[in-house]
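User: I have a model open and want to learn to read its features one at a time. Where should we begin?

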Amino acid sequence: MKMVRSSIRFKLTIWYAAVMGLVLIFFGSTLYLTMSRALYSEVDSRIKGMAEVMASSSHTFPSHFDLAQLDMMVAENLGFTNQGKFIQIMDNTGTVGESSVSLSPQPLPISISAVKKAANKEISFDTLRIERIKYPIRMITYPIIEKGEVAGILQIGTSLETLQNTLQVLFFTILLGILASLALASFGGWFMAKKSLSPVHDITIAARTITSKNLDQRIEVANPNDEVGMLAETYNDMIARLNNSFRQMNQFSSDVSHELRTPLTIMRGEMEVALRAQRRPEEYREVIASGLEEVERMSTMVEELLLLSKAEDGASMLNLSIIPLHSLLDTIYNNVLALARGKRID
């Protein structure tokens, strides 16, 4: 389980699901808020239409409003019913005169700010919560203007039961949609990550089979133009460089072994000849001097082999020049002379 959580596939799936979740939450919240504003705007338009009809009909009721007749007229002209509707009439001071049957025995709470706005001929909307009514009430406070003055204040409220039920259904629909989308996104993200990373798994398996014994083997590249293909090409280039380095190391070891064999044999032969009989000090000094020359020559040879190895690797450039061949032959002749003498060869 720990290995799964630490895998790139798991992390990609989590990131994909998280980003998808944020996008869905943003989209769902925007949809919910937009729908909520649209529904509230529709409710406000409906109760405002009722208030305009009732306020315009106030001249037919000089002493008071006949709410029953107004409800009937509103239902006939606008299609509204008094179910879930609350109406109350106030004078310009905010004193309740009449109210619909649905408000008995207690009228709607009166907002001081709404009454002040109505006194200034302003329309206002409020959302009320009343203990005896289960759902909130959306209410409009509408001034009744007669002869340019505020003759009364009309308040019409409607229950938000249908609106809240609609928003509740919308909320749970969005929530279930987000959860279902996240589940599908997680499954799809896991599948896509697995499919996208399968070449990496193949590269890992192939890389594990490559050792110093088979550095000529290369990782198969399906598409060299994508990121995984470039990674495989990089591995192949690295393996090629390692193969070249191993070959140079082997070649260097072989060259050193071959080149040092001759001077070591010469030194050994001279020392064995010197130890076969009692010699004068001058003769021993000559043997030691000759051995020292061989040691210096071996040191020079090792440095030259290192230089050649670096030149083959491209780390340094050789300064090539023409040399006299007879000096090289003289050096070779002097080197093998002691061996020839030891074996009595002229």
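Analyst: Begin with helix α5, residues 161–209. Its 49 residues should span 72 Å at 1.5 Å a residue, and the end C-alpha atoms lie 71 Å apart, so the two values agree. The expected span is 1.5 Å times one less than the number of residues. Helices are DSSP runs of H or I with at least four residues, strands are runs of E with at least two, and both are numbered from the N terminus.

User: What kind of model is this, and how are residues numbered?

Analyst: It is a predicted model: local features need pLDDT of at least 70, side-chain atom pairs count only at pLDDT 80 or more, and totals for chains, interfaces and linings use all residues. Residues are numbered from 1 along each chain as its sequence is written, and side-chain values use heavy atoms, with hydrogens and water left out.

User: Where does α5 kink?

Analyst: A bend is the angle between two fitted axes, one for the seven residues ending at a position and one for the seven starting there. In α5 the kink is about 40° and sits at L197, shortly before the proline P199.

User: Which residues of α5 are buried?

Analyst: Start with the helix repeat. An α-helix has 3.6 residues a turn, so residues three or four places apart point the same way. Buried means under 20% relative accessible area, exposed over 50%, and partly exposed in between, with a 1.4 Å probe and protein chains only. The buried residues of α5 include L163, L167, L170, I174 and I178. A185, G189, A193, I203 and A206 are buried too.

User: What do they pack against?

Analyst: The buried residues of α5 pack against α2 (8–56) and α6 (227–275). Contact here means heavy atoms within 4.5 Å. Take T13 as a case from α2. T13 counts as buried because its relative accessibility is 7%. Setting aside residues up to four places away in sequence, T13 touches S186, G189, W190 and A193.

User: Which residues form the nonpolar patch on the surface?

Analyst: A patch takes residues with over 30% relative accessible area and no salt bridge; nonpolar side chains (Val, Leu, Ile, Met, Phe, Trp, Tyr) are joined within 5 Å, like charges within 9 Å. Here F171, F172, L175, L176 and L179 make up the patch, with about 490 Å² of accessible area together. Areas come from the Shrake-Rupley method with a 1.4 Å probe; for residues, only the protein chains shown count as cover. L176 belongs to α5. L176 is exposed, because its relative accessible area is 57%.

User: How many salt bridges are there?

Analyst: The rule asks for a side-chain nitrogen of Lys or Arg within 4 Å of a carboxyl oxygen of Asp or Glu. The count comes to one. D44 and R138 form it, at 2.8 Å from N to O. The pair links distant parts of the chain: D44 sits in α2, R138 in strand β4 (residues 137–146), and 94 residues separate them. D44 is buried at 14% relative accessibility. R138 is buried, also at 14%.

User: What should I look for in backbone angles?

Analyst: Most residues other than glycine have a negative phi, and most peptide bonds are trans. K121 has a positive phi of about 65°, though it is not a glycine. K121 lies in the loop between α4 (112–119) and β3 (124–128). K121 is partly exposed, with 46% relative accessible area. Helix α8 itself bends by about 35° at V336.

User: How many helices and strands does the whole chain have?

Analyst: The protein chain has eight helices and five strands. Of its 346 residues, 28% count as buried. The chain exposes about 24,000 Å², and carbon and sulfur atoms supply 60% of that.
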